Amino acid sequence: MKCCDAQQEHFGPLLGYCDHQMMKLMVRKLRGYDVSPMQCRTLTFLYEQQGDVTQKKLQEFLRVKPPTVNGIVERLEEKHLLTRSKLLHLTEEGRCFYQEFIAITEEVHRQAERGFTEDEVKLLQSFLVRVAENLSRETEEKHP
């Protein structure tokens, strides 16, 4: 079964298709945990931070508006995955869930990279970084 037209003139639609398929797979694998990919990005950010994390710092990382980050934090609080006062902290339950989430993420990445050599993966990553830099440069120039 052909999943998409690889002979398109530009690679933007293909990147969009790949992103959509990765998100669908992540959502399906996370369904039993009642968390969204954005909530998982939040948990990952908190887990990997060395210093204090404020909602402002999280907002800048996620690149969302304050009400959006507030909603994400509220839902994670309701699930007992983090606590907040002036700072955000993962709970023990949040740290345990993070380990399960990482296992799911690694499984999705293995599935996406199946059939590629290590060198091919690195080459594709370098191309995608270049695309991301090209696109972010444009948005950063217009919206400093």
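**A glutamine and some rings**

Mentor: Start with glutamine 39, which sits in helix H2. Keep in mind that this is a predicted model.

Trainee: Is glutamine 39 buried or exposed?
Mentor: Glutamine 39 counts as buried, because its relative accessibility is 5% and the cut-off for buried is under 20%.

Trainee: Which residues does glutamine 39 touch, leaving out those up to four places away in sequence?
Mentor: Asp34, Ile72, Arg75, Leu76 and Lys79.

Trainee: And what lies 3.0 Å from a polar atom of its side chain?
Mentor: The backbone nitrogen of serine 36.

Trainee: New topic. How many aromatic pairs does a search of the whole structure find?
Mentor: Four. One of them joins tyrosine 47 and tyrosine 98. That pair is stacked, with 3.8 Å centre to centre and 20° between the planes.

Trainee: Why give both a distance and an angle?
Mentor: Because a pair of aromatic rings is described by how far apart the centres are and by the angle of the planes.

Trainee: Where do tyrosine 47 and tyrosine 98 lie?
Mentor: Tyrosine 47 is in helix H2, residues 37–48, and tyrosine 98 is in helix H5, residues 92–113. So the pair ties together parts that are 51 residues apart in sequence.

Trainee: Which of the two is buried?
Mentor: Tyrosine 98 counts as buried, at 6% relative accessibility. Tyrosine 47 counts as partly exposed, at 30%.

Trainee: Last one. Which residues form one aromatic cluster?
Mentor: Tyr33, Phe97 and Phe101.

How values were computed
Residues numbered from 1 in each chain as written. Predicted model: local features only at pLDDT ≥ 70, side-chain atom pairs only at ≥ 80, totals over all residues. Heavy atoms only, no water. Phe/Tyr/Trp six-rings, centres within 6.5 Å; stacked < 30°, edge-to-face > 60°. Helix = DSSP H or I, 4+ residues; strand = E, 2+ residues; numbered from the N terminus. Buried < 20%, exposed > 50% of the residue type's maximum accessible area, 1.4 Å probe, protein only. Polar contact = N/O pair within 3.5 Å; in protein donor to acceptor, adjacent residues only side chain to side chain. Contact = heavy atoms within 4.5 Å.
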